[in-house]
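I opened the notebook to record what I looked up, entry by entry. The sequence and structure go first.

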Protein chains: 2
Amino acid sequence: MNVKTLCLSILFEKEASGYEIRQLCMNGECAYFVEVSFGSIYPALAKMEKESLLTSHTQEQQGRPAKKIYKITDKGKEEFRASLFESLNDDVFRSEFLLFAQFAHLLPSSLVKKRLSERLEMLEKEVFDLEKLIKEIPENATSNNGTYWVINYGLSIRRVEKQYISTHMSELVKMAQTEKLNQKA
Amino acid sequence: MNVKTLCLSILFEKEASGYEIRQLCMNGECAYFVEVSFGSIYPALAKMEKESLLTSHTQEQQGRPAKKIYKITDKGKEEFRASLFESLNDDVFRSEFLLFAQFAHLLPSSLVKKRLSERLEMLEKEVFDLEKLIKEIPENATSNNGTYWVINYGLSIRRVEKQYISTHMSELVKMAQTEKLNQKA
DNA sequence: ACTTGCATGTAAGTGGTTACATGATTGG
DNA sequence: CCAATCATGTAACCACTTACATGCAAGT
């Protein structure tokens, strides 16, 4: 899944600027989170406008820089739809956290404990944000039911991750290297 | 997580050739599956040997090309361990399947049904393979307990994905475009 | 005074993939 | 006979990131 397809998928549902597209990728508007940089979004949008998959208009704002709002054309919609018929690439799942966890036995237990807590916290935030998002969707007319389905998919995953860490974190901490206790006297 | 770190993590636990490292990445030996190509593994290994993080010896085989087996050095082990202390990058999760699912309403129900079945089948295979892997570990002295922990993490995720699709696939199919029925007479 | 957020865009760098080159063996 | 598996390696290419350039407003 490249930046082009990603932008089209967002613009299919609503108009947006390059800046806004990035925001939507960072927060879990799409449950297949992708972190994309401006350096890839802006050229992609410009190129697609040249190919007349998009049109744009500039919207002046008070006290802020002007926005360049992109809108998908019929040609863009058709191209996006056609791309959905192509065979799917495999999911990409890469986790430095899991690499860290696998080698907990090489690390001090304090660090292992810290990383696990951070992870748990992050997952709790993500679950919270996605649950909030779902509640907001009914009022948001631009989303379709597929969006619901996909967010719930992502939510299911985050919830088991959370659960797994809660119930198994002590095991991993036990594997880690016990440090000399610096208790008072 | 780059190819270098990935290779070191595998070689930390056992000696292997470039070809074998790739196999291990493709099957879920590491639950943070990464698909790496030969074009990135071979240069990475050669470079690391130059930096004396690895040593290698060639193993002739009957009826097959010779293998170049790499072994991690103490320096390599230390460098890998040190890298685990660095702050973690975010997980990368990118799913073309979920993009497809989000736009099910644009697609014929037969295609949606097909993709969902394929996905379910793939997940069932992955769960089966990971469960098999766990059973084999006790006999495999080179793995540590962290490996267990990580595989079970990946397994938990795959199991909910499987479950989610089983129970919710009909909803997505309903959203898809009903086709003209070509039933006999 | 400094940082953060808003907003767009380019140029340089990098970390990968794809395709190519080579070649023997086994299975359909 | 063709495809696949085993096995290593290079060169061309590509998509994306990082850093840079610019600038104003609001909050700390």
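Entry 1, the loop serine. I looked up Ser52(A) and found its place in the loop between H3 and strand S2 (54-61) of chain A; helices (H or I, at least four residues) and strands (E, at least two) are DSSP runs, numbered from the N terminus. This is a predicted model, in which local features need pLDDT of at least 70, side-chain atom pairs count only at pLDDT 80 or more, and totals for chains, interfaces and linings use all residues. Residues are numbered from 1 along each chain as its sequence is written, chains are lettered from A and ligands numbered from 1 in the order in which they are written, and side-chain values use heavy atoms, with hydrogens and water left out.

Phi of Ser52(A) is near 55 degrees, a positive value in a residue other than glycine. The relative accessible area of Ser52(A) is 37%, so I noted Ser52(A) as partly exposed; buried means under 20% relative accessible area, exposed over 50%, and partly exposed in between (1.4 Å probe, protein chains only).

I then turned to chain B. Ser52(B) sits in the loop between H3 and strand S2 (54-61) of chain B. Its phi is positive, about 50 degrees, although Ser52(B) is not a glycine. Ser52(B) is partly exposed, with a relative accessible area of 38%.

I count 7 helices and 4 strands in chain A. Along the sequence their pattern is α-β-α-α-β-β-α-β-α-α-α. The radius of gyration of chain A is 21 Å, well over the 16 Å that the globule rule gives for 185 residues, so chain A is more spread out than a compact globule. That radius is taken over C-alpha atoms, and the globule rule is 2.2 Å times the number of residues to the power 0.38. The C-alpha trace of chain A spans about 70 × 40 × 30 Å along its principal axes. Of the 185 residues in chain A, 45% are buried. I also checked contacts (heavy atoms within 4.5 Å). Among those in chain A between residues at least 6 apart in sequence, 61% join residues at least 24 apart.

What rotation superposes chain B on chain A? I find 180 degrees, with 0.0 Å of shift along the axis and an RMSD of 0.1 Å. This is the relation of a two-fold axis. In chain B, the C-alpha nearest the axis belongs to Phe93(B), 2.3 Å from it. Both copies use the same surface, as 98% of the contact residues of chain B recur in chain A.

Which residues are closest to DNA strand D? Of the 21 residues that surround it (a heavy atom within 4 Å), the closest are Glu35(A), Ser37(A), Tyr42(B), Gln61(B) and Lys68(B). Sugar and phosphate make up 67% of the atoms of DNA strand D that come within 4 Å of the protein.

An N or O atom in the side chain of Ser37(A) is at 2.7 Å, one in the side chain of Gln61(B) is at 2.6 Å, and a backbone N or O atom of Tyr19(B) is at 3.0 Å. S3(B) gives the largest share of the surface near DNA strand D, 5 residues.

Methods
Copies are superposed by least squares on the C-alpha atoms of residues with pLDDT of at least 70 in both. A polar contact is a pair of N or O atoms within 3.5 Å; within protein, one must be able to donate a hydrogen and the other to accept it, and residues adjacent in sequence count only if both atoms are side-chain atoms.
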